[in-house]
Amino acid sequence: MTIPLVETVGLNKFFKTPGGMLHAVENINLKIPARKTLGVVGESGCGKSTLGRAILRLTPVTSGEVLFEGKNILHYSRDDMKHMYRNMQMIFQDPYSALDPRMTLYNLISEPIRELYGDSLCQTEMDERVHLIMELCGLPRSYANSYPHELDGGRRQRVGLARAMVIEPKFVVCDEPVSALDVSVQAQILNLLMDLQEQRGLSYMFITHDLCVVRHISDDIMVMYMGQAVECARKEELFRHPLHPYTKALLSAIPSTNLSRRNRIRYMPKGEVSSPINPAPGCRFAPRCPYVSKKCKAEYQLKEVDTGHYVACHMYD
Amino acid sequence: MAQDIKLNLEEILLDISDLHVQYNTDDATIFALNGFNLQVRRGEKLGLVGETGAGKTTMALSVLRLLPDKIGKVTAGRILYGGDDLLEQTEAYMLGLRGRRISMIFQDPMTSLNPIVAVGDQIMEVLDLHAPYMSRYEKNERVDRILSMVGIPPARKMEFPYQFSGGMKQRIVIAMALIAEPELLLADEPTTALDVTMQAQILDMMSRLKQEFNTSVVLITHDLGVVAEFCDRVAVVYAGKVVEQGAVEQVFARVRNHPYTVGLLNCIPDLESTAARLIPIPGQMADPTRLSPGCAFADRCVHCMDICRRKPPKMYEQDGHWILCHLFKERED
Amino acid sequence: MGNQNRQDSLERSTWQLIVFRFSKNRLAMLGVIVLGLMILAILLAPLYMPYDEMIRQNVFNKLHPPSAQHPLGTDELGRDLLARVMYGGRISLFGGIATITIAFVAGCMIGGIAGYFGGKVDTVLMRIIDMLMAIPPVLMAMAILTALGNGLFNLIISLAISQIPRFARVVRSSVLTLRGLEYVDAARCYGCSSFKIILRHILPNGIGPIVVAATLTLGQIILSISSMGFLGLGVAPPTPEWGTIISENKLNLRYCPYLGIAPGICICLVVMAVNFIGDGLRDAFDPKTKN
């Protein structure tokens, strides 16, 4: 069996709050093979962004392991981590705050090279690389001296992409890279992400709340609810046979322009998301679930019910 | 026939015709609305779709006459509301109109509520302003009723905004907008800040409330899916102009559409399609500081003809579904 | 050659751009010129105005109005006012600017570290700052001076320390808002050290309000130097210094207003010039300012 590029084992991230422990990410086990995309879907506050940041060690992990090519990177020293960042990068949600407003595009895009490779590149090599990546990301060369505020949202997101891609990483965490963009621009960026993946053999972890987008770009999809993974499967499988009641509710709530879907049966979970601080054991979705049983409030476990289809629901025991 | 026309006239609640609005900043003049035409009928749910900067919010602010002072200016056009031209009314008249006959909901529920006033009191304040003749008891009754209608236990009305989740805050904002039973509700991206399941709940609730009060709703959004599911009619806005308007069934049937609408429909990833690539609309949003003499969408249009750059297109209409594009004019000829 | 040109245009460094934008700012350039001229005049004073001669007390000459021999008149001890203002500027101007610079740099460091790292570091540093803030600045400067011993250098240090809390507070609050921005995370993603992030990505973006606070404090510092002198600390009479000149001549101001006007104008000019320069720097650092 081949080693996945990125893997987490029992990853936990809790935040200390005045009210108690906030369970942001709880016992997440995921595998991302090389050249594949894992989509992570969930509603705001479900811990999907925290998960992405934890994998990149942008936030300290409470317990568990993050393996990159089979090696646990959580024990790496600062210098080792610097080497690690040549392989893993992140693209951020907000194209406005993700770029330092005081730097020109050239400086923004070349800074990762300077930081991670020191001065090993000469000026011409550096220019070449910056120009190449700008071209690849659809930024005209004449923009090199522009500042972020002179660009529109879509172009800024391209700069964010170029900055992450310029050091040729193997794995990129995309944290809602298109949710702040207009639909026509969103399509451009999604196409660009997919082209880059094809050309460079990248792996993505694509975090989003938009199920249509995640269906378009992912190979595998993990659905999160309040820090827990509730379902994980190949994308076709997940959209064809959603098993977890929460997944069903999510899928049926997607508004569609297809008029024939207008009168579909909708599963609406009742009530609201409960507090993630000191949550009760068992399935987090239990208080809103129409099929709740006693067992749900006692135990949570992600089980494989079909090849490659994992679900954390006691209905499928 | 004459009676027919009269009936039609009565039906229309808000009639915006040829509205031009511009923002004068130190740097440039931004042409936000350029000949904006829109009719809203009594009791209907109209979806106003367009991208950032298309002029959707400007239209709502113009109707309420809340454009930023000194910067935003209406340069031409009429806004007929129940037969009166709102642009000619006094400020006192507008004060009585806002919140009473026309309400607005803003995108961000977090900033629409005063954090240090109990939610019940905030809703009550609308009644204090617009129904001062009511007794305290009556007002309390009304607040309790509207809260339970939006799905918030009236017992929680003494609580403060921070004690509610995002979805619940948006319900409270909607309750505030509807307590005076307005004839028209302008909802500016009311569900954009919310998650899909919460969005479905809020839209359902708004549908039910609309039935109850027979309020007309203008839903401003960038999400075509939401419009297709929630609205009766849809108007597509591009560069300060409504380029297509019609019943949801007509527009989303995808038989005859403005090229911009086609582009929008094509570039959202769909739940059924298996296409590997999306088809983005080429180019960038039209520059709002420069007006083109022809069709503003010409530069990005795949069907662009010579005439498109020279002359603004005329309206092509069929069964109340109208499109602003030379493409259809040509075919008619 | 053409290649070289292209590279030049690409390689216009951030600093060159900042200098360019700054030079386009008329008020800021005016500030530079005024401050430059004053510094020159003060530095070159020994060349055209021997100190001993001009300062010599001459009671017969006291309270002369401005004349060809004494362009600004003389004070009650018959000393030439122009000379006193020129030589006084050395202490006032350089002492004031040195104090501000020290307080500014130290405040940025402390505020930056406290704001960026947060948690315990923040708590400890900020409680110390709070304690410093609770003591009136003049009292604290006095205490420090007494401990360190009298002298101009120690005066500067003590005044700087008494101003640090204010800068640290301003810096910390702007760092707190900038720390959460995504470009800070992005910088960590490509291996920037915390120190580098604070220095390169956070402080430059939060510098606006800090620079304004610094320039406005300068006038206050100049006056503080003189009030310390009044208390017999730091610079003692007869060493001239702008604040001291004003307070020495307090009693004669009614009949000889020119005695207060000259040093007063000097303080005003310096504060205004530095303020313009500060505003100009803030705008120059901000790329949104049009070129």
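Which strands of chain B does helix 2 (residues 56-63) of chain B lie across? I found strand 3 (45-49), strand 6, strand 7, strand 8 (216-221) and strand 9 (233-238) of chain B. Helix 2 runs at about 145° to strand 7 of chain B. Axes are lines fitted to C-alpha atoms, for helices over the stretch in contact, and angles run from 0 to 180 degrees between N-to-C directions. Helices (H or I, at least four residues) and strands (E, at least two) are DSSP runs, numbered from the N terminus.

This is a predicted model, where local features need pLDDT of at least 70, side-chain atom pairs count only at pLDDT 80 or more, and totals for chains, interfaces and linings use all residues. Residues are numbered from 1 along each chain as its sequence is written, and chains are lettered from A in the order in which they are written.

Next I traced the sheet. It is open, has eight strands in the order 6-7-8-3-9-10-12-11 (chain B), and its pairing is mixed. Strands pair if DSSP finds at least two bridges between them. Strand 6 (102-105) and strand 11 (315-318) of chain B are the edges. Strands 6 and 7 (residues 184-188) of chain B pair in the parallel sense over four bridges. There, B:Ile105 has B:Ala187 as its bridge partner.

Then I checked the chains. Two pairs are in contact, and A and B share the most contacts (C-beta atoms, placed from the backbone, within 7 Å). Chains B and C do not touch; their nearest C-alpha atoms are 10 Å apart.
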